[in-house]
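I opened a new page for this chain. My notes follow in the order in which I looked things up.

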Amino acid sequence: MFKLIGDSINITRGDTGMLQLEPALDGEPMEKGTYTAVLSVKADMDDEAYLLQKQADDNGRFFFSHDDTKDIPEGTYVYDIEIRSGEQVCTIGPAKFIVKGDVTRDD
């Protein structure tokens, strides 16, 4: 399961998913390939270490593979997305990144 509920990302540990980013600047959609975006997940806002970081592709998509979350313990974490275009910097979040446990394990 991979769902965006409000601004919270909900994923079952080890599941795959895709998040489509559609950023706008001054109310106008930003052209694909004109910005970079990084999604960062930490256990807590004050932690220095990241549990997960994903770079969006040129179409503004974040792809989550099985390996991205298979070792993250069940729990509620925090994420944000930083978007950069030239000198412009915009951050979405912080918001909750919820990892649900799974019964079937591959290890």
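**Entry 1: Thr 12.** I began with the contacts of Thr 12, where contact means heavy atoms within 4.5 Å. Leaving out residues up to four places away in sequence, I found that Thr 12 touches Met 1, Thr 69, Lys 100, Gly 101 and Asp 102. I placed Thr 12 in strand β2, residues 8–12.

**Entry 2: what I am reading.** I note that this is a predicted model, in which local features need pLDDT of at least 70 and side-chain atom pairs count only at pLDDT 80 or more, while totals for chains, interfaces and linings use all residues. Residues are numbered from 1 along each chain as its sequence is written, and side-chain values use heavy atoms, with hydrogens and water left out.

**Entry 3: elements.** I counted by DSSP runs, numbered from the N terminus: helices are H or I with at least four residues, strands are E with at least two. The chain has one helix and 10 strands. Read from the N terminus, the order is β-β-β-β-β-β-β-β-α-β-β.

**Entry 4: strand β6.** I looked at strand β6, residues 36–42, and found five of its seven residues buried, so β6 is largely enclosed by the rest of the structure. For pairing I used the rule that DSSP finds at least two bridges between two strands. β6 runs antiparallel to strand β9 (residues 75–85), with seven bridges joining them. In that pair, Thr 36 has Arg 84 of β9 as its bridge partner. β6 is also antiparallel to strand β7 (residues 52–55), through four bridges. There, Lys 54 in β7 stands opposite Leu 39.

**Entry 5: a cis bond.** Which form does the peptide bond from Gly 93 to Pro 94 take? I found it cis, with omega near 10°. Pro 94 belongs to strand β10, residues 88–100.

**Entry 6: the whole chain.** I took the radius of gyration over C-alpha atoms, with the globule rule of 2.2 Å times the number of residues to the power 0.38. For 107 residues a compact globule would have a radius near 13 Å, and the chain's 14 Å agrees. The C-alpha atoms fill a box of roughly 45 × 30 × 20 Å along the principal axes. Buried residues make up 35% of the 107. Of the contacts with a separation of 6 or more, 57% are between residues 24 or more positions apart.

Technical notes:
Buried means under 20% relative accessible area, exposed over 50%, partly exposed in between (1.4 Å probe, protein chains only).
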